[in-house]
Amino acid sequence: MEDEKIIQNRELSIWEALLPVILLVALLAFNVFVYGDEALSGSNQFILLIGGAIAAIVGVCNKVSFERMIEEVANNIKSTSGAILILLFVGALAGTWLISGVIPAMIYYGLQILSPTYFLAACVIICAIISVATGSSWTTSATVGIALVGIGGALGISPGMTAGAVISGAYFGDKMSPLSDTTNLAPAMAGTDLFTHIRYMAYTTVPTMIVTLILFTIIGLNLDTSTIPDTASLLSAIEESFVITPWLFIVPVVVIFLILKKAPPLMALLIGTLLGALFALIFQPDVVKGLTQSQDLNVINAYQGLMNAITIETKITTSNEILNGLFTAGGMSGMLGTIWLILCAMVFGGIMDAIGALARISKTLLNAFDSVFGLFASTVASCLALNLTASDQYLAIVVPGKMYAQAYKDKNLAPQNLSRTLEDSGTVTSVLVPWNTCGAYQSGVLGVDTTAYFGYAFFNYLSPFTTLLFAAFQIKIKQLTEKK
(Lines give C-alpha, C1' and ligand atoms only; values in the text may rest on other atoms or scores of the structure.)
Protein backbone atom coordinates (compact mmCIF):
# COMPACT_ATOMS: atom_id res chain seq x y z
CA MET A 1 0.00 0.00 0.00
CA GLU A 2 1.09 3.61 -0.56
CA ASP A 3 1.10 4.41 3.18
CA GLU A 4 3.54 1.58 3.81
CA LYS A 5 5.83 2.80 1.03
CA ILE A 6 5.89 6.26 2.60
CA ILE A 7 6.52 4.92 6.11
CA GLN A 8 9.56 2.97 4.90
CA ASN A 9 11.21 6.10 3.50
CA ARG A 10 13.94 6.87 6.06
CA GLU A 11 16.24 9.11 4.05
CA LEU A 12 15.65 12.25 6.12
CA SER A 13 17.20 13.05 9.45
CA ILE A 14 14.77 14.16 12.16
CA TRP A 15 15.92 17.78 11.82
CA GLU A 16 15.40 17.74 8.07
CA ALA A 17 11.89 16.34 8.66
CA LEU A 18 11.10 18.95 11.29
CA LEU A 19 12.54 21.95 9.42
CA PRO A 20 9.46 22.58 7.20
CA VAL A 21 7.17 22.18 10.22
CA ILE A 22 9.14 24.58 12.41
CA LEU A 23 9.34 27.22 9.68
CA LEU A 24 5.65 26.76 8.79
CA VAL A 25 4.52 27.23 12.39
CA ALA A 26 6.76 30.29 12.77
CA LEU A 27 5.46 31.85 9.55
CA LEU A 28 1.83 31.10 10.42
CA ALA A 29 2.29 32.60 13.90
CA PHE A 30 3.73 35.80 12.40
CA ASN A 31 1.01 35.91 9.78
CA VAL A 32 -1.75 35.60 12.38
CA PHE A 33 -0.03 38.31 14.45
CA VAL A 34 -0.13 40.62 11.42
CA TYR A 35 -3.58 39.75 10.03
CA GLY A 36 -5.48 38.52 13.08
CA ASP A 37 -8.86 37.01 12.20
CA GLU A 38 -8.29 37.90 8.54
CA ALA A 39 -5.38 35.46 8.24
CA LEU A 40 -7.66 32.78 6.76
CA SER A 41 -8.76 35.13 3.97
CA GLY A 42 -5.75 34.18 1.89
CA SER A 43 -2.45 34.88 3.58
CA ASN A 44 -2.43 31.64 5.58
CA GLN A 45 -3.09 29.75 2.37
CA PHE A 46 0.00 31.24 0.77
CA ILE A 47 2.06 30.46 3.89
CA LEU A 48 1.04 26.81 3.54
CA LEU A 49 2.32 26.87 -0.03
CA ILE A 50 5.58 28.39 1.22
CA GLY A 51 5.78 25.55 3.74
CA GLY A 52 5.26 23.09 0.90
CA ALA A 53 8.04 24.77 -1.08
CA ILE A 54 10.44 24.46 1.89
CA ALA A 55 9.53 20.78 2.22
CA ALA A 56 10.10 20.32 -1.52
CA ILE A 57 13.59 21.85 -1.24
CA VAL A 58 14.39 19.40 1.57
CA GLY A 59 13.08 16.60 -0.64
CA VAL A 60 15.14 17.63 -3.67
CA CYS A 61 18.27 17.78 -1.49
CA ASN A 62 17.52 14.20 -0.47
CA LYS A 63 16.94 13.04 -4.05
CA VAL A 64 13.17 12.74 -3.86
CA SER A 65 11.88 13.37 -7.37
CA PHE A 66 9.63 16.33 -8.12
CA GLU A 67 7.26 13.94 -9.89
CA ARG A 68 6.89 11.89 -6.70
CA MET A 69 6.00 15.01 -4.73
CA ILE A 70 3.43 16.17 -7.27
CA GLU A 71 1.93 12.67 -7.33
CA GLU A 72 1.46 12.69 -3.56
CA VAL A 73 -0.04 16.19 -3.68
CA ALA A 74 -2.47 14.96 -6.35
CA ASN A 75 -3.39 11.95 -4.21
CA ASN A 76 -3.97 14.18 -1.19
CA ILE A 77 -6.16 16.59 -3.13
CA LYS A 78 -8.07 13.66 -4.64
CA SER A 79 -8.76 12.35 -1.13
CA THR A 80 -10.45 15.65 -0.22
CA SER A 81 -12.76 15.77 -3.26
CA GLY A 82 -15.67 14.40 -1.22
CA ALA A 83 -15.11 16.95 1.52
CA ILE A 84 -14.95 19.79 -1.02
CA LEU A 85 -18.24 18.74 -2.62
CA ILE A 86 -19.84 18.48 0.82
CA LEU A 87 -18.67 22.01 1.61
CA LEU A 88 -20.22 23.35 -1.58
CA PHE A 89 -23.53 21.61 -0.84
CA VAL A 90 -23.48 22.82 2.77
CA GLY A 91 -23.13 26.38 1.46
CA ALA A 92 -26.07 25.82 -0.89
CA LEU A 93 -28.13 24.23 1.87
CA ALA A 94 -27.46 27.09 4.30
CA GLY A 95 -28.70 29.55 1.65
CA THR A 96 -32.01 27.81 0.98
CA TRP A 97 -32.55 27.02 4.65
CA LEU A 98 -32.22 30.72 5.42
CA ILE A 99 -34.67 32.01 2.81
CA SER A 100 -37.13 29.15 3.42
CA GLY A 101 -37.36 30.10 7.10
CA VAL A 102 -35.89 26.83 8.38
CA ILE A 103 -32.98 28.48 10.22
CA PRO A 104 -35.10 31.45 11.39
CA ALA A 105 -37.70 28.95 12.70
CA MET A 106 -35.00 27.05 14.61
CA ILE A 107 -33.84 30.33 16.14
CA TYR A 108 -37.44 31.44 16.83
CA TYR A 109 -38.40 28.31 18.76
CA GLY A 110 -34.95 27.93 20.27
CA LEU A 111 -35.14 31.40 21.83
CA GLN A 112 -38.34 30.36 23.60
CA ILE A 113 -37.10 26.97 24.78
CA LEU A 114 -33.42 27.44 25.65
CA SER A 115 -32.47 29.39 28.79
CA PRO A 116 -29.31 31.50 28.42
CA THR A 117 -27.97 30.00 31.66
CA TYR A 118 -28.04 26.43 30.39
CA PHE A 119 -27.84 27.17 26.69
CA LEU A 120 -24.21 26.09 26.21
CA ALA A 121 -24.66 22.79 28.06
CA ALA A 122 -27.85 22.19 26.06
CA CYS A 123 -25.88 22.79 22.84
CA VAL A 124 -23.43 20.04 23.82
CA ILE A 125 -26.23 17.56 24.58
CA ILE A 126 -28.28 18.36 21.46
CA CYS A 127 -25.27 18.06 19.15
CA ALA A 128 -24.09 14.87 20.87
CA ILE A 129 -27.49 13.23 20.30
CA ILE A 130 -27.67 14.28 16.64
CA SER A 131 -24.07 13.23 16.01
CA VAL A 132 -24.50 9.81 17.64
CA ALA A 133 -27.64 9.30 15.53
CA THR A 134 -26.04 10.39 12.25
CA GLY A 135 -22.42 9.40 12.90
CA SER A 136 -21.26 12.71 11.47
CA SER A 137 -19.93 15.81 13.20
CA TRP A 138 -19.99 17.57 9.84
CA THR A 139 -23.72 17.00 9.30
CA THR A 140 -24.45 18.02 12.89
CA SER A 141 -22.68 21.35 12.43
CA ALA A 142 -24.28 21.97 9.04
CA THR A 143 -27.81 21.50 10.42
CA VAL A 144 -28.43 22.20 14.11
CA GLY A 145 -24.96 23.72 14.62
CA ILE A 146 -25.65 26.69 12.35
CA ALA A 147 -28.98 27.31 14.09
CA LEU A 148 -27.48 27.06 17.58
CA VAL A 149 -24.76 29.59 16.73
CA GLY A 150 -27.55 31.87 15.54
CA ILE A 151 -29.55 31.37 18.74
CA GLY A 152 -26.46 32.00 20.83
CA GLY A 153 -25.78 35.21 18.93
CA ALA A 154 -29.36 36.35 19.52
CA LEU A 155 -28.93 35.66 23.24
CA GLY A 156 -25.74 37.71 23.31
CA ILE A 157 -23.49 34.69 23.84
CA SER A 158 -20.06 34.71 22.19
CA PRO A 159 -20.02 32.79 18.87
CA GLY A 160 -16.76 31.17 19.99
CA MET A 161 -18.44 29.77 23.11
CA THR A 162 -21.40 28.41 21.16
CA ALA A 163 -19.21 26.94 18.43
CA GLY A 164 -17.03 25.29 21.09
CA ALA A 165 -20.13 23.70 22.64
CA VAL A 166 -21.44 22.58 19.23
CA ILE A 167 -18.08 21.05 18.28
CA SER A 168 -17.68 19.36 21.68
CA GLY A 169 -21.05 17.64 21.33
CA ALA A 170 -20.61 16.86 17.66
CA TYR A 171 -17.25 15.16 18.18
CA PHE A 172 -18.57 13.12 21.10
CA GLY A 173 -21.00 11.55 18.64
CA ASP A 174 -18.36 11.32 15.93
CA LYS A 175 -16.28 9.19 18.32
CA MET A 176 -19.02 7.05 19.83
CA SER A 177 -21.40 6.39 16.94
CA PRO A 178 -21.06 3.04 15.12
CA LEU A 179 -22.10 4.94 11.98
CA SER A 180 -19.02 7.20 12.10
CA ASP A 181 -16.26 6.58 9.58
CA THR A 182 -13.47 7.34 12.09
CA THR A 183 -15.08 5.03 14.66
CA ASN A 184 -14.86 2.23 12.11
CA LEU A 185 -11.42 3.22 10.83
CA ALA A 186 -9.60 3.26 14.18
CA PRO A 187 -10.35 -0.37 15.22
CA ALA A 188 -9.61 -1.53 11.66
CA MET A 189 -6.14 0.03 11.89
CA ALA A 190 -5.50 -1.28 15.40
CA GLY A 191 -6.80 -4.80 14.83
CA THR A 192 -9.89 -4.94 17.05
CA ASP A 193 -13.63 -5.02 16.37
CA LEU A 194 -16.00 -2.04 16.28
CA PHE A 195 -18.10 -2.63 19.39
CA THR A 196 -15.14 -3.64 21.57
CA HIS A 197 -13.58 -0.36 20.49
CA ILE A 198 -16.71 1.67 21.34
CA ARG A 199 -17.14 0.04 24.75
CA TYR A 200 -13.48 0.57 25.60
CA MET A 201 -13.54 4.15 24.35
CA ALA A 202 -16.44 4.95 26.69
CA TYR A 203 -14.06 4.72 29.69
CA THR A 204 -12.23 7.88 28.60
CA THR A 205 -14.93 9.58 26.55
CA VAL A 206 -17.75 9.66 29.11
CA PRO A 207 -15.65 11.28 31.91
CA THR A 208 -14.36 13.86 29.41
CA MET A 209 -17.93 14.60 28.35
CA ILE A 210 -19.04 15.02 31.97
CA VAL A 211 -16.20 17.48 32.64
CA THR A 212 -17.14 19.34 29.44
CA LEU A 213 -20.77 19.67 30.55
CA ILE A 214 -19.70 20.87 34.00
CA LEU A 215 -17.44 23.53 32.47
CA PHE A 216 -20.16 24.82 30.15
CA THR A 217 -22.66 24.83 33.01
CA ILE A 218 -20.26 26.91 35.13
CA ILE A 219 -19.79 29.34 32.23
CA GLY A 220 -23.56 29.57 31.79
CA LEU A 221 -24.16 30.26 35.47
CA ASN A 222 -21.63 33.10 35.30
CA LEU A 223 -22.92 34.74 32.14
CA ASP A 224 -23.94 38.38 32.50
CA THR A 225 -27.65 38.09 31.68
CA SER A 226 -28.11 41.86 31.94
CA THR A 227 -26.60 42.20 28.45
CA ILE A 228 -28.92 39.62 26.87
CA PRO A 229 -31.20 41.26 24.30
CA ASP A 230 -34.97 41.43 24.77
CA THR A 231 -36.24 38.11 23.44
CA ALA A 232 -39.71 39.50 22.70
CA SER A 233 -38.32 42.06 20.25
CA LEU A 234 -36.23 39.37 18.53
CA LEU A 235 -39.26 37.09 18.14
CA SER A 236 -41.34 39.96 16.80
CA ALA A 237 -38.67 40.88 14.24
CA ILE A 238 -38.48 37.26 13.03
CA GLU A 239 -42.27 37.10 12.65
CA GLU A 240 -42.24 40.32 10.63
CA SER A 241 -39.75 38.89 8.12
CA PHE A 242 -40.72 35.22 7.90
CA VAL A 243 -43.73 32.96 8.09
CA ILE A 244 -42.84 30.77 11.07
CA THR A 245 -44.48 27.36 11.30
CA PRO A 246 -43.47 23.93 12.68
CA TRP A 247 -43.99 22.55 9.14
CA LEU A 248 -40.61 24.02 8.25
CA PHE A 249 -38.93 21.37 10.42
CA ILE A 250 -39.87 18.76 7.83
CA VAL A 251 -36.77 19.80 5.88
CA PRO A 252 -34.09 19.07 8.53
CA VAL A 253 -35.97 15.99 9.70
CA VAL A 254 -35.85 14.56 6.17
CA VAL A 255 -32.11 15.24 5.90
CA ILE A 256 -31.36 13.56 9.25
CA PHE A 257 -33.63 10.63 8.32
CA LEU A 258 -31.75 10.13 5.04
CA ILE A 259 -28.41 10.09 6.84
CA LEU A 260 -29.73 7.62 9.43
CA LYS A 261 -30.75 5.41 6.52
CA LYS A 262 -27.14 5.63 5.31
CA ALA A 263 -27.92 7.68 2.22
CA PRO A 264 -24.77 9.25 0.74
CA PRO A 265 -24.16 12.62 2.46
CA LEU A 266 -24.05 14.45 -0.87
CA MET A 267 -27.46 13.07 -1.79
CA ALA A 268 -28.90 14.03 1.60
CA LEU A 269 -27.50 17.56 1.34
CA LEU A 270 -28.76 17.97 -2.23
CA ILE A 271 -32.25 16.85 -1.24
CA GLY A 272 -32.10 19.18 1.78
CA THR A 273 -31.11 22.07 -0.50
CA LEU A 274 -33.91 21.37 -2.99
CA LEU A 275 -36.48 20.94 -0.22
CA GLY A 276 -35.33 24.25 1.26
CA ALA A 277 -35.83 25.91 -2.11
CA LEU A 278 -39.32 24.37 -2.44
CA PHE A 279 -40.35 25.46 1.06
CA ALA A 280 -39.04 28.95 0.31
CA LEU A 281 -41.49 29.20 -2.59
CA ILE A 282 -44.34 27.80 -0.48
CA PHE A 283 -43.84 29.64 2.81
CA GLN A 284 -41.62 32.66 2.03
CA PRO A 285 -42.59 34.00 -1.43
CA ASP A 286 -42.07 37.59 -0.24
CA VAL A 287 -38.52 36.77 0.86
CA VAL A 288 -37.73 35.18 -2.51
CA LYS A 289 -39.25 38.15 -4.30
CA GLY A 290 -37.18 40.53 -2.17
CA LEU A 291 -33.98 38.82 -3.28
CA THR A 292 -34.68 39.82 -6.88
CA GLN A 293 -36.00 43.30 -6.01
CA SER A 294 -38.98 42.73 -8.30
CA GLN A 295 -42.65 43.47 -7.82
CA ASP A 296 -43.95 40.13 -9.06
CA LEU A 297 -42.80 36.58 -8.38
CA ASN A 298 -42.83 34.90 -11.77
CA VAL A 299 -40.90 31.82 -12.83
CA ILE A 300 -37.81 33.78 -13.90
CA ASN A 301 -37.67 35.85 -10.71
CA ALA A 302 -38.25 32.81 -8.51
CA TYR A 303 -35.46 30.93 -10.27
CA GLN A 304 -33.10 33.87 -9.94
CA GLY A 305 -33.88 34.39 -6.24
CA LEU A 306 -33.34 30.72 -5.40
CA MET A 307 -30.13 30.47 -7.42
CA ASN A 308 -28.78 33.60 -5.73
CA ALA A 309 -29.43 32.06 -2.30
CA ILE A 310 -27.72 28.83 -3.37
CA THR A 311 -24.66 30.35 -4.99
CA ILE A 312 -23.84 33.79 -3.54
CA GLU A 313 -24.16 35.74 -0.30
CA THR A 314 -27.70 36.35 0.88
CA LYS A 315 -28.72 38.90 3.50
CA ILE A 316 -32.20 39.18 4.97
CA THR A 317 -32.86 42.59 6.50
CA THR A 318 -35.10 42.74 9.57
CA SER A 319 -36.05 45.48 12.05
CA ASN A 320 -33.48 44.12 14.50
CA GLU A 321 -29.76 44.73 14.01
CA ILE A 322 -28.75 41.55 15.86
CA LEU A 323 -30.83 39.41 13.51
CA ASN A 324 -29.46 41.20 10.46
CA GLY A 325 -26.04 39.84 11.34
CA LEU A 326 -27.42 36.34 11.88
CA PHE A 327 -29.64 36.12 8.80
CA THR A 328 -26.73 36.02 6.36
CA ALA A 329 -25.62 33.03 4.30
CA GLY A 330 -22.66 32.85 1.97
CA GLY A 331 -24.02 30.20 -0.39
CA MET A 332 -21.59 28.05 -2.33
CA SER A 333 -19.27 31.00 -2.91
CA GLY A 334 -18.99 31.49 0.84
CA MET A 335 -17.24 28.12 1.08
CA LEU A 336 -14.55 28.89 -1.50
CA GLY A 337 -12.17 30.34 1.10
CA THR A 338 -12.39 27.14 3.12
CA ILE A 339 -11.85 25.02 0.00
CA TRP A 340 -8.86 27.17 -0.90
CA LEU A 341 -7.39 26.56 2.55
CA ILE A 342 -7.90 22.78 2.28
CA LEU A 343 -6.23 22.62 -1.12
CA CYS A 344 -3.18 24.54 0.09
CA ALA A 345 -2.97 22.38 3.23
CA MET A 346 -3.04 19.27 1.04
CA VAL A 347 -0.09 20.62 -0.95
CA PHE A 348 1.98 20.94 2.22
CA GLY A 349 0.81 17.57 3.57
CA GLY A 350 1.37 15.81 0.26
CA ILE A 351 4.94 17.02 -0.10
CA MET A 352 5.72 16.18 3.53
CA ASP A 353 4.34 12.71 2.85
CA ALA A 354 6.33 12.26 -0.36
CA ILE A 355 9.69 13.21 1.13
CA GLY A 356 9.17 10.84 4.08
CA ALA A 357 9.06 13.63 6.70
CA LEU A 358 5.83 12.47 8.31
CA ALA A 359 7.06 8.90 8.63
CA ARG A 360 10.38 10.10 10.03
CA ILE A 361 8.71 12.26 12.70
CA SER A 362 6.38 9.41 13.72
CA LYS A 363 9.23 6.88 13.85
CA THR A 364 11.28 9.18 16.07
CA LEU A 365 8.34 9.56 18.42
CA LEU A 366 7.86 5.78 18.46
CA ASN A 367 11.49 5.18 19.41
CA ALA A 368 11.57 7.92 22.05
CA PHE A 369 9.82 5.95 24.80
CA ASP A 370 10.22 2.47 26.27
CA SER A 371 7.54 2.45 28.99
CA VAL A 372 3.83 1.71 28.54
CA PHE A 373 2.97 5.33 29.33
CA GLY A 374 5.64 6.43 26.88
CA LEU A 375 4.03 4.33 24.15
CA PHE A 376 0.67 6.01 24.78
CA ALA A 377 2.31 9.44 24.87
CA SER A 378 4.15 8.70 21.64
CA THR A 379 0.88 7.68 19.97
CA VAL A 380 -0.84 10.88 21.10
CA ALA A 381 2.11 12.99 19.93
CA SER A 382 2.12 11.25 16.53
CA CYS A 383 -1.60 11.88 16.02
CA LEU A 384 -1.23 15.53 16.97
CA ALA A 385 1.81 15.92 14.72
CA LEU A 386 -0.01 14.43 11.74
CA ASN A 387 -3.07 16.62 12.30
CA LEU A 388 -0.71 19.60 12.26
CA THR A 389 1.43 18.53 9.31
CA ALA A 390 -0.66 16.24 7.09
CA SER A 391 -3.76 18.39 7.72
CA ASP A 392 -5.99 15.35 7.50
CA GLN A 393 -7.89 13.50 10.22
CA TYR A 394 -7.73 10.16 8.46
CA LEU A 395 -3.95 10.19 8.06
CA ALA A 396 -3.72 11.00 11.77
CA ILE A 397 -5.47 7.68 12.41
CA VAL A 398 -4.12 5.48 9.60
CA VAL A 399 -0.38 6.21 9.83
CA PRO A 400 -0.01 5.86 13.63
CA GLY A 401 -2.44 2.94 13.59
CA LYS A 402 -0.24 0.97 11.20
CA MET A 403 2.99 2.08 12.80
CA TYR A 404 2.12 1.37 16.45
CA ALA A 405 0.09 -1.85 16.11
CA GLN A 406 3.10 -4.13 16.58
CA ALA A 407 4.55 -1.97 19.36
CA TYR A 408 1.36 -2.40 21.42
CA LYS A 409 1.51 -6.17 20.90
CA ASP A 410 5.15 -6.17 21.99
CA LYS A 411 4.09 -4.45 25.22
CA ASN A 412 1.36 -7.10 25.70
CA LEU A 413 -1.34 -4.45 25.24
CA ALA A 414 -4.71 -5.32 23.69
CA PRO A 415 -5.38 -3.55 20.34
CA GLN A 416 -8.33 -1.59 21.77
CA ASN A 417 -5.78 0.45 23.74
CA LEU A 418 -4.38 1.68 20.45
CA SER A 419 -7.75 2.22 18.75
CA ARG A 420 -9.00 4.25 21.72
CA THR A 421 -5.87 6.39 21.78
CA LEU A 422 -6.12 7.03 18.03
CA GLU A 423 -9.63 8.40 18.48
CA ASP A 424 -8.87 10.31 21.70
CA SER A 425 -6.02 12.14 20.02
CA GLY A 426 -6.43 11.84 16.24
CA THR A 427 -10.17 12.24 15.65
CA VAL A 428 -10.99 15.02 18.08
CA THR A 429 -7.95 17.31 17.74
CA SER A 430 -8.23 17.70 13.97
CA VAL A 431 -10.87 20.40 14.40
CA LEU A 432 -8.48 22.51 16.51
CA VAL A 433 -6.04 23.03 13.62
CA PRO A 434 -7.14 25.90 11.31
CA TRP A 435 -5.54 24.40 8.18
CA ASN A 436 -6.70 20.84 8.87
CA THR A 437 -9.66 19.76 6.72
CA CYS A 438 -11.83 19.44 9.84
CA GLY A 439 -10.79 22.78 11.32
CA ALA A 440 -11.33 24.52 8.01
CA TYR A 441 -14.72 22.87 7.54
CA GLN A 442 -16.12 23.65 10.99
CA SER A 443 -14.85 27.22 10.88
CA GLY A 444 -16.35 27.77 7.43
CA VAL A 445 -19.73 26.16 8.19
CA LEU A 446 -20.27 27.74 11.61
CA GLY A 447 -18.83 31.08 10.53
CA VAL A 448 -16.54 31.19 13.57
CA ASP A 449 -12.76 31.40 13.37
CA THR A 450 -10.87 28.41 14.76
CA THR A 451 -8.98 30.65 17.19
CA ALA A 452 -12.32 31.90 18.55
CA TYR A 453 -13.70 28.46 19.44
CA PHE A 454 -10.39 26.76 20.28
CA GLY A 455 -10.50 27.69 23.97
CA TYR A 456 -14.09 26.48 24.34
CA ALA A 457 -13.84 23.13 22.52
CA PHE A 458 -13.25 21.53 25.91
CA PHE A 459 -14.10 17.99 24.88
CA ASN A 460 -11.64 18.09 22.01
CA TYR A 461 -8.52 19.19 23.81
CA LEU A 462 -9.29 17.41 27.09
CA SER A 463 -9.62 14.01 25.37
CA PRO A 464 -5.87 13.48 24.78
CA PHE A 465 -5.15 14.44 28.40
CA THR A 466 -7.76 11.96 29.63
CA THR A 467 -6.26 9.09 27.67
CA LEU A 468 -2.78 9.97 28.99
CA LEU A 469 -4.14 10.19 32.54
CA PHE A 470 -5.62 6.70 32.23
CA ALA A 471 -2.30 5.42 30.87
CA ALA A 472 -0.26 7.08 33.63
CA PHE A 473 -2.35 5.51 36.40
CA GLN A 474 -2.92 2.21 34.55
CA ILE A 475 -6.70 2.69 34.52
CA LYS A 476 -8.55 0.35 32.14
CA ILE A 477 -5.39 -0.64 30.27
CA LYS A 478 -6.29 -4.09 28.98
CA GLN A 479 -3.53 -6.64 28.53
CA LEU A 480 -3.48 -9.25 25.78
CA THR A 481 -4.83 -12.61 26.86
CA GLU A 482 -1.89 -14.89 27.51
CA LYS A 483 -1.80 -18.04 25.43
CA LYS A 484 -1.87 -21.31 27.37
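Predicted model: local features only at pLDDT ≥ 70, side-chain atom pairs only at ≥ 80, totals over all residues.
Local features need pLDDT of at least 70 and side-chain atom pairs count only at pLDDT 80 or more, while totals for chains, interfaces and linings use all residues. Residues are numbered from 1 along each chain as its sequence is written, and side-chain values use heavy atoms, with hydrogens and water left out.

View 1. His197 is buried because its relative accessibility is 0% (buried: under 20% relative accessible area, 1.4 Å probe, protein chains only). Beyond neighbours within four places in sequence, His197 contacts Thr183, Ala186, Pro187, Thr192, Ser419, Arg420 and Glu423 (contact: heavy atoms within 4.5 Å). Ser419 is 222 residues from His197 along the chain, with a C-alpha separation of 6.6 Å.

**View 2. Cys123 and its closest cysteine sulfur.** The whole structure has 0 disulfides (pairs of cysteine sulfur atoms within 2.5 Å). The sulfur of Cys123 lies 6.2 Å from that of Cys127, too far for a bond. Cys123 has 0% relative accessibility and therefore counts as buried.

**View 3. Packing of helices H20 and H21.** H20 (residues 372-389) and H21 (residues 395-410) pack at about 160°, with axes 8 Å apart (axes are lines fitted to C-alpha atoms over the stretch in contact; angles run from 0 to 180 degrees between N-to-C directions). The two helices are therefore roughly antiparallel (angles over 145 degrees). Residues in the contact include Phe376 and Leu386 of H20 and Val399 and Tyr404 of H21.

How values were computed. Buried < 20%, exposed > 50% of the residue type's maximum accessible area, 1.4 Å probe, protein only. Helix = DSSP H or I, 4+ residues; strand = E, 2+ residues; numbered from the N terminus. Parallel < 35°, antiparallel > 145°, perpendicular 65-115°, else oblique.
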